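Welcome! Take a moment to look over the protein below, and then we will walk through it together, topic by topic.

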Amino acid sequence: MSAGAANGGGMLSVLEIVRRSTEFLSGKGVESPRLNAELLVGHALGLPRMRLYLEFERLLTEAELERIRPLMRRRGGREPLQYILGTADFHGLKLKVDRRALIPRPETERLVERILARAPAAPGAVLDLGTGTGAIALALAAAWPQARVTAVDVSPEALALAAENAAALKLAAAVAFVHSDWFGGLPPESRYDWIVANPPYLSAEETAAAAPEVREHEPAGALTAGEGGRGALGAIIRQAKAFLAPGGTVALETGPDQHGELTATARAAGWEKVESEPDLAGRPRYLFLQ
């Protein structure tokens, strides 16, 4: 970033560094550059965004500028804002996020909301497939304190991150983390009232066309699946019935263009009830199987 410590012989104010950072990020193609600039400047200074506004006229020291500059360079390189800040909010929880796992999306938060709306009572056992940061498992464990929640992931690094989040949120005793490629590492006699998954569902072409934040920084294995993005979802649909308790439900987040083929896959796999629900943009996003 070209923002220096001098401005006509004087020092830069908080507002001036926000303005210069906004221009820098805008030139790099970052969406919402002013918001990004404010959040990163506030992060570097240890100030929440609202407090930052109250200090716009304060002059920054060189030491403070040195904390801001590398953050702006990282964001200008299109590293995701959440990775730089180190946290993401998800269903009332503050999660640690880094390159070990996919950043939780609002679409997945909506999946949790739909699951909770559908559940007449807290279930006995829940399985979260491909837990990543632990977002779904931890949100459901917080909502259902009596449930036995199991979270699996094929990535040991992602499991470690999820366990760190569980410890930080004081939910470590509520969630069991298991290294498993979908159902492969689970005891065959395991049964769950809810099986939930937000698996990779982008095709290789969709990943290649994604924003640099996604394409270059988030783990490819958490984004892309074979069979045009349907490979992981198809495997879960075909295998889940063997692990579902009587009367249980499978809840899946999918790509909006995949619903027709995935519904056909579910019916061919013998699911009696296949329901689709839209995301907040009205696109078919979630499948519920019984």
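**Glu213 and its surroundings**

Leaving aside neighbours within four places in sequence, Glu213 is in contact with Arg75, Arg78, Glu79, Pro80 and Glu218. Keep in mind that this is a predicted model. With that in view, here is a tour of the chain.

More on Glu213:
- You can find Glu213 in helix 10, which covers residues 212-215.
- Glu213 has a relative accessibility of 11%, so it counts as buried, the cut-off being under 20%.
- The side chain of Glu213 makes a polar contact with the side chain of Arg75 at 3.0 Å.
- Another polar contact, at 2.8 Å, links the side chain of Glu213 to the side chain of Arg78.

The chain as a whole:
- The protein chain contains 12 helices and 11 strands.
- Its C-alpha atoms fill a box of roughly 75 × 40 × 30 Å along the principal axes.
- Of the 290 residues in the protein chain, 51% are buried.
- Among contacts with a separation of 6 or more, 65% are between residues 24 or more positions apart.
- The accessible surface of the protein chain is about 13000 Å², and carbon and sulfur atoms account for 54% of that surface.
- There are 32 positive and 35 negative side chains, and the centres of these two sets lie 3 Å apart.

A helix on the inside:
- Why is helix 7 described as largely enclosed by the rest of the structure? In helix 7 (residues 135-143), 7 of the 9 residues are buried, so the rest of the structure largely encloses this helix.
- The buried residues of helix 7 are Ala135, Ile136, Ala137, Leu138, Ala139, Leu140 and Ala141.

- Ala158 sits in helix 8, residues 156-168, and counts as buried because its relative accessibility is 3%.
- Beyond its neighbours within four places in sequence, Ala158 is in contact with Arg100, Ala101, Gly132 and Asp153.
- Ala158 and Val97 are 61 residues apart along the chain, and their C-alpha atoms are separated by 9.8 Å.
- Pro123 belongs to the loop between helix 6 (106-118) and strand 5 (125-129), and its relative accessibility of 10% makes it buried.
- The C-alpha atoms of Pro123 and Arg148 are separated by 8.3 Å, and the two residues are 25 residues apart along the chain.

Salt bridges:
- How many salt bridges does the structure hold? There are 24 salt bridges in the structure.
- Glu55 and Arg58 form a salt bridge, with their closest N and O atoms 2.6 Å apart.
- In that pair, Glu55 is buried at 14% relative accessibility, while Arg58 is partly exposed at 29%.
- Glu164 and Lys96 also meet through their side chains in a salt bridge, at 2.9 Å from N to O.
- Glu164 lies in helix 8 and Lys96 in strand 4 (residues 93-96), so this pair ties together parts that are 68 residues apart in sequence.
- Glu164 is partly exposed at 32% relative accessibility, and Lys96 is partly exposed at 37%.
- Lys273 forms a salt bridge with Glu275, and their closest N and O atoms are 3.9 Å apart.
- Through salt bridges that share partners, Arg114, Arg118, Lys273, Glu275 and Glu277 are joined into one network.

Conventions. Residues numbered from 1 in each chain as written. Predicted model: local features only at pLDDT ≥ 70, side-chain atom pairs only at ≥ 80, totals over all residues. Heavy atoms only, no water. Buried < 20%, exposed > 50% of the residue type's maximum accessible area, 1.4 Å probe, protein only. Helix = DSSP H or I, 4+ residues; strand = E, 2+ residues; numbered from the N terminus. Contact = heavy atoms within 4.5 Å. Areas by Shrake-Rupley, 256 points an atom, 1.4 Å probe, with all protein chains shown as cover. Lys, Arg positive; Asp, Glu negative; His and termini not counted. Charge placed at Lys NZ, Arg CZ, Asp CG, Glu CD. Polar contact = N/O pair within 3.5 Å; in protein donor to acceptor, adjacent residues only side chain to side chain. Salt bridge = Lys/Arg side-chain N within 4 Å of Asp/Glu carboxyl O.
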